[in-house]
Amino acid sequence: LDVEHLVGGAAGGSIGQTVGKMAVDYGAGDRVPIEVERGFVLSVAAIRSAGAVPFFLSGEAQGDLELINRMAAGGQVRSMLLLADPFGPVEKIMASLDESFPKVSKAGGITAALRVGSGGQTGFMASMSICSRGNDQARLLSQGICGLMMTEMDVHTVVCQGCLGVGPAVRVTGVSGPVVTGIGGRPSKEALGLIYGAVNEELRAKMQSSLLIGLGGEGMNENQIDDGDWLIRGILEVTPNGGFVLGAGISEGQALRFHVRDKDSAESDLNLMLNRYRLERSFSGGNEPIGSLLFTCNGRGEGLYGRRHVDARALQNALGERVTGFFCNGEMGAPGLTKPSETLEDREQVRPMSLHGFTAVFAILVPASKSEGNANA
């Protein structure tokens, strides 16, 4: 490959372009995107002229902390690509990176757990590694996040959570710790009942099997949040009083909308978000993308859609870009679209990352300066 650094992780399935007879036969075409969910497969993205610096950070602030602090102080990091170990404090480290790099777009996924041994003698081995030119040994990494800080490559993120909004967007009007007790000025259960009674039979059936809640970001007006920009959360529990347990980080006054998810809503959301990105990019101009990394949930793929390659080929159909990536145990990225300014001095703070499930996160690679041949995916 003739590259300075290699960053890799284990996965339950990989995504890439077909190369070689077996892949071409599997994908029914040469150089077409495919998703391989079973068997041994290797997918590689070679990113040229990206100004990439590899790093690792654990939950105990161990690893390349001095390097990360130096890069943050320098203010030249444009984007980050991330891999996370499934046993690490992922959300804690994500928050730390967002705090250190508030104007930097970031995307990534959680790797697979690698079990070793047999019988009663089992354990888990490192699921990530970094290898750099000039070093004799690779760094095997676990219980943290590793990745690339890039100074010459932008990353535009498109986060597809696969959901359809149901009912109006309202506000949280009652909170008790992790529990939403009031919605739209009514008890939570009563508010849900009003929406359930107003929708058609098809949506009622979906609400019974796959009801979710979308939350707006801090300071967002509920009437100005586009489809796809909600942070989707599952209802962990319903309290005896009819409150919805969603987890930490809920505040009174926060925008809220009920959602459902199935294969139809997932494919509709996928096409909506990619076409929305294409439209926004056509108006804003800038350098052309050279490819994309796709971090998609291992709960999507053929098991969700009933057919192969849907997420991978949606990108090519919408944007004509090459893609590589893997099936994740969780996906990292800011909800909605993130397309930072090309000029670092003009950048505003980006929306913080969230840890998602059943989501496809596209990290679209855009050179910071006009050049050709920067990537082969």
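**Aromatic pairs and cavities in a predicted model**

F295 and F326 are both buried, a word that stands for under 20% relative accessible area (1.4 Å probe, protein chains only). The model is predicted, so local features need pLDDT of at least 70 and side-chain atom pairs count only at pLDDT 80 or more, while totals for chains, interfaces and linings use all residues. Residues are numbered from 1 along each chain as its sequence is written, and side-chain values use heavy atoms, with hydrogens and water left out.

Student: What is the angle between the planes of F244 and F258?

Tutor: Searching the whole structure gives three aromatic pairs, where rings of Phe, Tyr and Trp (its six-membered ring) pair if their centres lie within 6.5 Å. Planes under 30 degrees apart count as stacked, over 60 as edge-to-face and the rest as tilted. F244 and F258 form an edge-to-face pair whose centres are 6.2 Å apart, and the angle between their planes is 85°.

Student: In which strand does F258 lie?

Tutor: Strands (E, at least two residues) are DSSP runs, numbered from the N terminus. The pair links distant parts of the chain, 14 residues apart, with F244 in strand β20 and F258 in strand β21.

Student: Why is the pair of F295 and F326 edge-to-face?

Tutor: The two ring centres are 5.7 Å apart. The pair is edge-to-face because the planes of F295 and F326 stand at 90°.

Student: How many residues apart in sequence are the parts that F295 and F326 tie together?

Tutor: F295 belongs to strand β22 (residues 291-297), whereas F326 belongs to strand β23 (residues 323-328). The pair therefore ties together parts whose separation in sequence is 31 residues.

Student: Is V366 buried or exposed?

Tutor: V366 is placed in strand β27, which covers residues 360-367. Beyond its neighbours within four places in sequence, V366 is in contact (heavy atoms within 4.5 Å) with residues including M153, Y277 and P289. With a relative accessible area of 4%, V366 is buried.

Student: Which elements give two or more residues to the lining of the largest cavity?

Tutor: A cavity is a set of points on a 1 Å grid, over the protein atoms alone, where a 1.4 Å probe fits but cannot get out, and lining residues have an atom within 4 Å of a point. The largest cavity holds about 70 Å³ of space, a volume being the space filled by probe spheres set on the points, which are joined across faces, edges and corners. Its lining includes D154, H156, V366 and P367. The elements that give two or more residues to the lining of the largest cavity are β13 and β27.

Conventions. Helices (H or I, at least four residues) and strands (E, at least two) are DSSP runs, numbered from the N terminus. Buried means under 20% relative accessible area, exposed over 50%, partly exposed in between (1.4 Å probe, protein chains only). On a 1 Å grid over the protein atoms alone, a cavity is a set of points where a 1.4 Å probe fits but cannot get out, and a pocket is an open set with protein on both sides within 12 Å along at least five of seven lines; lining residues have an atom within 4 Å of a point.
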